[in-house]
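Subject: Structure for you to look at

Hello,

Here is the structure I said I would pass on. Please open it beside this message and follow along; my notes come after it.

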Amino acid sequence: MKAVLTAVLLGLTFAGSAGAQAPADYSAFPCLSYSLPCGKAATRKPVKKALEGPLNGNAGKGKQIAFARDRGNCLACHVMPGGSQPGSRGPDLSHYGSSGRSEAETYAMVYDMRTINPETLMPPIGTNDILTDQELRDVVAFLLSSK
Ligand code: HEC
């Protein structure tokens, strides 16, 4: 009986929202919900991606991509040079370019941090197709230019 009632209520909820704008496709994002459709999508396995060829990144573009809330959204967790309202969950990346990390290491980390820290909170930017290969290269160039 309880299940039937829940189903009816859910049906009403969805019926109520019919005609509204189509929902965004969040299928590439990990989802912790058991009730939303995304909760039934499999989480993509960690991918260890090697940087191919020279970096060829544009630091200026990388900065824009990193700051945009609907693109890299890195400021949600990191302090970055020139960024406003940064979060503090991840390490301060203001001087990342002085850390001695290579282009290849940085690319692989931003592509999918889970290959280094399986428990990371950082979204798998490459594996989840949040940014393209070129956008990732631009962001890496920006990171390495932050001294
Ligand atoms: C939801 C929070 C979150 C977001 C969003 C996020 N990160 Fe991170 N990031 C972290 C955390 C936490 C760490 C620390 C390592 C760990 O726990 O995996 C980290 C580590 C890093 C590191 C390694 C720093 C070091 O010195 O070891 C880099 C580089 C990095 N992030 C770049 C980025 C970039 C570029 C973006 C945006 C495209 C981004 N992060 C978005 C949480 C985040």
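The buried residues of α3 (103–111) are covered in part by α4. Those buried residues are Thr 106, Tyr 107, Ala 108, Met 109, Val 110 and Tyr 111. A residue is called buried if 20 or more other C-beta atoms lie within 10 Å of its own, exposed if 12 or fewer, and partly exposed in between, with C-beta atoms placed from the backbone. Helices (H or I, at least four residues) and strands (E, at least two) are DSSP runs, numbered from the N terminus.

This is a predicted model: local features need pLDDT of at least 70, side-chain atom pairs count only at pLDDT 80 or more, and totals for chains, interfaces and linings use all residues. Residues are numbered from 1 along each chain as its sequence is written.

Tyr 111 in helix α3 is worth a look. Tyr 111 counts as buried because there are 24 C-beta neighbours inside 10 Å. Apart from neighbours within four places in sequence, Tyr 111 is in contact with Val 47, Lys 49, Ile 125, Gly 126, Thr 127 and Leu 136. Contact means that the C-beta atoms of two residues, placed from the backbone, lie within 7 Å. Val 47 is 64 residues from Tyr 111 in sequence, yet the C-alpha to C-alpha distance is 7.9 Å.

For the overall picture, the protein has four helices and zero strands. Of its 147 residues, 25% are buried. Among contacts between residues at least 6 apart in sequence, 59% join residues at least 24 apart.

Now to α2. Helix α2 (residues 59–67) has Gly 62, Lys 63, Ile 65 and Ala 66 as its buried residues. They lie on the same side of α2, because they cover an arc of only 165° around the axis; the arc is that of the directions from the helix axis to the C-beta atoms. These buried residues pack against α4 (133–145).

At what angle do α2 and α4 pack? The angle is about 100°, and the axes are 7 Å apart. Axes are lines fitted to C-alpha atoms, for helices over the stretch in contact, and angles run from 0 to 180 degrees between N-to-C directions. That makes α2 roughly perpendicular to α4 (under 35 degrees is roughly parallel, over 145 roughly antiparallel, 65 to 115 roughly perpendicular and the rest oblique). On the α2 side, the residues making the contact include Ala 59 and Lys 61, and on the α4 side they include Val 139 and Phe 142. By class, this contact has seven nonpolar, two polar and four charged residues. Ala, Val, Leu, Ile, Met, Phe, Trp, Tyr, Cys and Pro count as nonpolar, Asp, Glu, Lys and Arg as charged, and the others, Gly among them, as polar.

There is also a ligand. Of the 25 residues around the ligand, Gly 72, Cys 74, Cys 77, Gly 90 and Thr 120 come nearest (a residue is near if its C-beta atom, placed from the backbone, lies within 6 Å). The elements that give two or more residues to this shell are α3 and α4. The largest share, three residues, comes from α3. By class, the shell has 16 nonpolar, eight polar and one charged residues.

Lastly, two loop residues. Gln 85, in the loop between α2 and α3, has a positive phi near 50° without being a glycine. Asp 129, in the loop between α3 and α4, is not a glycine either and has a positive phi of about 55°.

Regards
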